[in-house]
Amino acid sequence: MSEVQQQLAVRSAGSNSSIIDVSGDVTAATEAALMDAYARATASGVCTVLLDFSALEYMNSSGIGLLVTLLIRANRQGQRIGAFGLTAHYRDIFELTRLDEAIHIYDGEPAAIAA
Amino acid sequence: MPSSVDTSTPVIRTPDQRLRVFISSTLQELAPEREAAARAIRHLRLAPVMFELGARPHAPRSLYRAYLDQSQVFVGIYWQRYGWVAPGEQVSGVEDEYRLAGNRPRLIYIKTPAPDREPGLRELLDLIRSDDHASYKSFSSASELRALIENDLAVLLSERFLAGGAQLLPAAPRRPVRSTHLPASTSSFIGREAEMAAILELLGGSQTRLVTLTGPGGVGKTRLSLEVVRTLTRGFSGGVHVVSLANISDPALVISAIAQQLGATQQDAVSPLDRVRERLSGRRALIVLDNFEQVVGAAPTVAELLAANPRLSVLVTSRTPLQIRGETEFEVRPLPVPQMRGESSPGAAAVQLFVQRARAMRPNIGKQESELATIAEICRRLDGLPLAIELAAARTRILSPEAILSRLGNALGLLTHGALDLPDRQRTLRATLDWSFDLLDDAERTLFTRLAVFAGEWTLEAAEAVCQRETDLDVLDTLMGLVDRSLVQRGTDGRFRMLNVIQEYAHERLAVRPEREAVEAAHAKYVLEFVQSAAAQLRGSDQQTWRALLAAEQDNVRAAMRWMLDSGDLVSASKLQVALIAYWWIQGYATEARRWSDALLAHVDSLDPATTARANLAGGVACAWEGDDASGIPLLERAVAQFHEISDPLGAGVAEMALAYVLPPATEYARKQTLLLESAADLYQSGDLWTVNVALQSRADVALASGHIVDARELYEDGLELARQQADIRGRAQAEVGLGFVALQTNDVTRAQQLFDATVQVGLELGNPELLGHALRGLAGVAHTRAQQHRAAVLLGAARSLVDESGVVDWPAARQLWTQLEHAVQRRLGTARFAAAFGQGHALSLSAAAQFALGRTLSSSKGTRSCADAELRPRHPPTVSRQRRRRDEVRV
């Protein structure tokens, strides 16, 4: 999990938020990339990190575990996590796994940034 | 089953468990004095216990008896009134309390002047003055009394402290034992001097290593064996270990019971026999096997045990001899009785026993010649059987000796025509038990019969939960009645038990009652609920207390499990097994876990999906502990799939974590992390954040062990924060230890020491040997890095002892580090010096080890080089370390 084999794009969204473009697969193998992106996203001291799942192709249960880890880390650092761009299928999965109780899901990027 | 009393280590209590001081006095005339006494006691931060009148669900007598039973010191305050005598009683409540105070320290205060003192009280005060074990003082005002009590209690506590203060605090659960194990005894012991001397001589020599006390039930074999053990204060450096086999019916389990009692818990493929041998490590030891007649098939095991341990002696109590080579049979005979009818014979042991037992209820009994003759006749009719005599004497509260003789005579006469296939003495006991049972009222009979469902000891709460099938049955009051009648005995830590012979009798009664199945089902239900709730508490900071409570219930747990499996309640059996996983793991009861899970898995084809999943989880874990990965891994893989199928994320998460734990060390790093991430996802879904943290920190452990230091640090920091949010002290401490090892790995020695020091404090406060052991290992690493090799070796020895004592499998991430560390320190110090320092550390008590660690930390920062040997207080000789199962990476 230490070695960064892929890189996820990070972009700024206003003074208080950053967006991570989560693309491709989210599995245990994504950990290094996701944590690296998270570190970059929060380097400027933003309060909210938004995960853009528009380009997500596949996520399995270890990927959910990864998001649980990310959630705990964000909590530790006093940051909030939100998400948008989820398909109906992954919205269902977020509800089933109760991730939606801690990660706010928005209908789209404008709504997420506005919030 | 095995009863254990730790006499060597301090009891660590929660702050609410203060020493309880019972205040006995009449209520109204001494109201200001009672308040003054309570204030004095509270001022010393002790807990006053006072009986007050008022609407309560129990009879007053039951209440004050229960209160007194749970108190450690007795304070009696008397003035003019003797107090109220309840209907059917011969003495007032105040006098009853004094008599029931027994061997507790008694502080007596008499108010003067007392111009109108009642005759009853005058007699009681005469009795107190003649008692050289009670101290008494006069006072004239409430304020004077307060000063006296405060001062006397302080003196008493100091004296007891100097004499070994733990004895004053017998009521709370204790940590598992390392030395001599002795059940409490409550009954009288009279007239066995010759037997004692003969047995002690046999055991003292080297020729006789197996002595079997034989004789019929109720003759006093168990009591005699325990008195022998009490008298043996020297000569057995390997300890004296009492193993009760009363609740074991399978001869194959005898050796496991012995191993458990010796604390020689499970290791990979090591047989219990080898574990016992390793535990005794050639030292001279005595094992007492009580109630062997139930498992005579295990006689060859005893022979094997003796052959494997040349310095071991075994004392057995059994209704029949073992008939193996080297056995010396010692027939325990009934107490001598007067031979001639009409002879008073006050010196006969049987008569003495009756009189002593009866005087607890009727102080003047046996003072007249004619009454003594009647008692002598009772003893003669009872063949001098101690148990029968105790049962008869217990009736003197209500019946005169004359009445007892008359009723008993009828019962004995009747039964002589009954069970002719029984030997005479067994018929006598049987008839006495029948007689005693027939004298009980309906409530007592009902409760007595239902109590047979318990194996070993039970608590009042358990008795109420299992036996209260009608709302009008007052369990506490009735139970105290059965204690009065010697049918139930007070056990350890406020628990209750029956003598084996009586329990067998009660069980026969229960077996023929239609409610038998319902009572057994209620017992099983109670045990399951207790274990489930206790298992949850094992996670918390009070782990040691709950571990001891679970240990005390093991006979009941086994009985319930057996009943569930036999009666086909496999759903409950699977729930009980899953609830027991953490306890079995902590205790190292792998053989037992495997046996029960195999028994359940034998029915796997007929189980519903949820039960199958639980059975596979328990079975998989048990196989893995036994080193049988080939069976364990597929079971756990099936469990994961089945829990997912039935949408049980908690079960799935636990099974995934267990699977990650049992996968062989060489398994790919990514595979373990993937499993643990899946586990975290499932556990998060279940809402169990505490277990999510276990998964998280397991990930950190795996990362640390695999050299992914940066990842490990982040994950431990995450775990630390999650534990903080949940006020999980243990979780915090574990994360801090992990971070300490991360700091050591990155050469940040100062930070590492801060973290380990903090954990030492937590481990000390919680009395948790596991946490303390890990912290000490960390500090050993710090010392090694600072070139303090001697200190490092002492800390490593102390840590090894503590981790062994905790029973928990070594902390995986740290293990690799300290194995290397031990080798490194040994290389620097040389083998002999390392062994000496390691042995010093190994002998430290928990608190001494903590003080050494912290004290040396301070000294080292000042540059002191000498080792603080003055702080080294030996606890026990070094023992061969239990080489626990060693899995390197993930902890469950």
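This is a predicted model: local features need pLDDT of at least 70, side-chain atom pairs count only at pLDDT 80 or more; totals for chains, interfaces and linings use all residues.
Reader: Why is His43(B) called partly exposed?

Author: The relative accessible area of His43(B) is 46%, and a residue is buried under 20% and exposed over 50%. The value for His43(B) falls in between, and therefore His43(B) is called partly exposed.

Reader: Is Arg594(B) buried or exposed, and how do you know that?

Author: Arg594(B) has a relative accessibility of 16%, which is under the 20% limit, so Arg594(B) counts as buried. Arg594(B) is part of helix H24 of chain B, residues 590-601, and, apart from neighbours within four places in sequence, is in contact with Ala622(B), Cys623(B), Glu626(B), Asp628(B) and Ser631(B). Its C-alpha atom and that of Ala624(B), 30 residues apart along the chain, are separated by 9.4 Å.

Reader: How many disulfides are there over all chains, and how do you know that?

Author: A search of the whole structure finds zero disulfides over all chains. A disulfide would need a pair of cysteine sulfur atoms within 2.5 Å, so the result of zero means that the search found no such pair.

Reader: What makes Cys379(B) count as buried and Cys47(A) as partly exposed?

Author: Cys379(B) has 0% relative accessibility, which is under 20%, and therefore counts as buried. Cys47(A) has 38%, which lies between 20% and 50%, so Cys47(A) counts as partly exposed. Cys379(B) is also one of the residues touched by Phe354(B), whose partners beyond four places in sequence include Ile375(B), Ile378(B) and Ile389(B) as well.

Reader: Which residues have the most contacts inside the largest nonpolar core?

Author: The largest nonpolar core has 237 residues, and those with the most contacts inside it are Leu51(A), Phe354(B), Phe448(B), Leu451(B) and Leu776(B). Helix H23 of chain B, residues 570-587, gives the most to this core, with ten residues. A second, separate core has 29 residues, among them Leu253(B), Ala257(B), Ile258(B) and Leu306(B).

Reader: Why do strand E1 and strand E7 of chain A stand at the edges of their sheet?

Author: The sheet is open and has five strands in the order E1-E2-E4-E6-E7 (chain A), with mixed pairing. Strand E1 (9-12) and strand E7 (104-106) of chain A each have a single partner strand, so one side of each is left without a neighbour in the sheet. From one strand to the next the twist averages 25°.

Reader: How do you know that strand E4 and strand E6 of chain A pair?

Author: Pairing requires at least two bridges between two strands, and strand E4 (residues 48-52) and strand E6 (residues 80-84) of chain A have five bridges in the parallel sense, so they count as paired. Within this pair, Leu50(A) stands opposite Gly82(A) in E6(A). Helix H1 of chain A, residues 31-42, packs on the sheet and touches E1, strand E2 (17-21) and E4 of chain A, while the direction of this helix makes about 155° with that of E2(A).

Methods
Residues are numbered from 1 along each chain as its sequence is written. Chains are lettered from A and ligands numbered from 1 in the order in which they are written. Side-chain values use heavy atoms; hydrogens and water are left out. Buried means under 20% relative accessible area, exposed over 50%, partly exposed in between (1.4 Å probe, protein chains only). A nonpolar core is a set of buried Ala, Val, Leu, Ile, Met, Phe, Trp, Tyr and Cys residues joined through side-chain atoms within 4.5 Å. Helices (H or I, at least four residues) and strands (E, at least two) are DSSP runs, numbered from the N terminus. Contact means heavy atoms within 4.5 Å. Axes are lines fitted to C-alpha atoms, for helices over the stretch in contact, and angles run from 0 to 180 degrees between N-to-C directions.
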